2 protein chains.
Amino acid sequence: MTGEGIPIGAAEIDAAARVIAPHLRRTPVAHSPAINERLGVECVFKMENLQAAGAFKSRGACHVVFSLSDEEAARGVLTHSSGNHAAALARAAQRRGIPCYVVMPKNASSVKVDNCRRYGAKITFCEPTLAARESTAHELQQSTGATFVHPYDDWRIIAGAATCAREFLEEVPDIDLLVAPVGGGGLLSGTAIAAAAHAHPVATWGAEPVAADDAWQSMRAGRRVAQWAPTTAADGLRTSLGERPWQVISRLVARIALASDARTAHWQEQLSRELDAPIEFSSAVPVAALEAARSSIQGRRIGIILSGGNV
Amino acid sequence: MTGEGIPIGAAEIDAAARVIAPHLRRTPVAHSPAINERLGVECVFKMENLQAAGAFKSRGACHVVFSLSDEEAARGVLTHSSGNHAAALARAAQRRGIPCYVVMPKNASSVKVDNCRRYGAKITFCEPTLAARESTAHELQQSTGATFVHPYDDWRIIAGAATCAREFLEEVPDIDLLVAPVGGGGLLSGTAIAAAAHAHPVATWGAEPVAADDAWQSMRAGRRVAQWAPTTAADGLRTSLGERPWQVISRLVARIALASDARTAHWQEQLSRELDAPIEFSSAVPVAALEAARSSIQGRRIGIILSGGNV
């Protein structure tokens, strides 16, 4: 069902699900009659905001960490993302009892630093430039032999992320449209692959802030357009699309729907209250995007992935 | 399968599950290889600590609130419990758009007050005695016509609580021992009824702090023994067993296992870390009790209900 050149499908997602099952949770599915009424469509929410380490990122991170050979694992894992991916990777490494090295800009927020430290990450601070992060990570990798784990441009990460939509469709098989936020594209590409592998057709949409619309631009241009100076408050969605996610998204995603930060802020508050759980700003983007697009989705049953709850 | 005189069984639990489904979540099931190793048995955890309003209490509260006729509902609901039950009742009432009155002792902790206020409860403070709580609640009921909702001595509450074990056994059908904490007994009695209604035999144990051991005393005496001056830190488990829960527990529960507060504190910390989520002190009692009883449970597959996460 997946396009040519995409090396993962149902079998790889199921294999990833088996690897991560002992370390993660099957997150709940929730409904809100009040939100359905306000949007005029039926929404079902997959609460990855209640996932271990507070985000879907734990799926990919556990998949990589628990797929390493003992020899590789002993040398540890390494990343220079400072958000949910780093915390998820640190947690997975801690469960396997191996080191996790995280390179962070020295101006990273204390929340992000603490989120990694609580899972025992070894943090190296560097100057707040991409060049400094990459060179520091490279030196650290040379000296430790740790496996570098990219937050999204990695098929193992994408297969891990895909387990979320697969679980969602198992539990609510009659969803006909899945919506996930898109930053680097790991979650969206995994979602699209799982949707394409489902028993009946399910469309996949990405949702993106207007102020970080590289996926939308890329779809329009038919080639990957880099993100330039994003100004959105959705800090999880500021990164540019990765090469591997783009291979999937360009073939399997029907539409990138855009959301303003103002409506996202509104829906973050509504969702937190209605679903009674912490919802990250980035996680409210799909609902704000659906609201803007609601004239074209009447009568559909929409599955929305709430990607994280670290607020 | 349930004993004579117990008015709820599989059909009533399923009916309750249908009533509450739109308002609650199917909470995740989690494993911890590290905890299994330390206890020498296989444990599976039902994470009601991730339930809406942070505890299993939402199940019973939603069952009552969404079973009221429109006429009854319009007059609101009322309780004088100040813990998780009150918050859960307030949340359910808020979702139905009806008032929830809560009588609280004027020395109630600000956490408990805030937990109710965030769901719009109308709080009346009274002197910190049981007599004052009951008389204040009675007056309020007279003046408002609200339906009084007992936190555990009510078959609708018990049927609601039972949906948790029913869901748990649906997802992990080969559990052979279910363990739930026991305070007033709503969760434990519901769990025992669901276990008795399962396709194959599942034993049910209650877990109780040594310093609030009225269920253990009651089982030994063969009659309901009231709790006298409990000193446990497990504030959710200080109440005496209710009459209806006792009818069930005395017939269907195999054993009350006891836990020290010291070991409960240890396990609260371990569980929070291993399962990566907030765990109430009361919710760690079953694991501490199983640790003390572990010589008699080797080789069994044990399902543990983590009752709440409001810390």
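These legends describe close-up views of a predicted model. Local features need pLDDT of at least 70 and side-chain atom pairs pLDDT 80 or more, while totals for chains, interfaces and linings use all residues. Residues are numbered from 1 along each chain as its sequence is written, chains are lettered from A in the order in which they are written, and side-chain values use heavy atoms, with hydrogens and water left out.

**View 1. Two helices of chain B in contact.** Helix 1 (residues 10-20) and helix 8 (residues 155-171) of chain B have axes 8 Å apart and pack at an angle of about 95°. Helices here are DSSP runs of H or I with at least four residues, and strands are runs of E with at least two, numbered from the N terminus. Axes are lines fitted to C-alpha atoms, for helices over the stretch in contact, and angles run from 0 to 180 degrees between N-to-C directions. The two helices of chain B, helix 1 and helix 8, are therefore roughly perpendicular (65 to 115 degrees). Among the residues that meet are Ile13(B) and Ala17(B) of helix 1 and Ala159(B) and Arg166(B) of helix 8, where contact means heavy atoms within 4.5 Å.

**View 2. The two domains of chain A.** The domain assignment, which is automatic or from a database, gives domain 1 (10-56 + 154-306) and domain 2 (58-148) of chain A. Their C-alpha centres lie 25 Å apart. The contact takes 25 residues from domain 1 and 17 residues from domain 2. Between them the domains bury about 1600 Å², with 56% of it on carbon and sulfur atoms; buried area is the accessible area (1.4 Å probe) lost when two parts are put together, summed over both. His23(A), Ala53(A) and Arg156(A) supply 38% of the area that domain 1 buries against domain 2, more than any other three residues.

**View 3. Salt bridges of Arg59(A).** A salt bridge is a side-chain nitrogen of Lys or Arg within 4 Å of a carboxyl oxygen of Asp or Glu. Arg59(A) meets Glu48(A) in such a pair at 2.7 Å, N to O. Glu48(A) lies in the loop between strand 2 (42-47) and helix 3 (57-65) of chain A and Arg59(A) in helix 3, so the pair ties together parts 11 residues apart in sequence. Arg59(A) also forms a salt bridge with Glu167(A) at 3.1 Å, N to O.

**View 4. Chain B against chain A.** The area buried between the chains is about 1700 Å², of which carbon and sulfur atoms give 43%. Arg25(B), Arg95(B) and Asp276(B) supply 35% of the area that chain B buries against chain A. Asp276(B) forms a salt bridge with Arg91(A), the closest N and O atoms being 3.6 Å apart.

How values were computed
Parallel < 35°, antiparallel > 145°, perpendicular 65-115°, else oblique.
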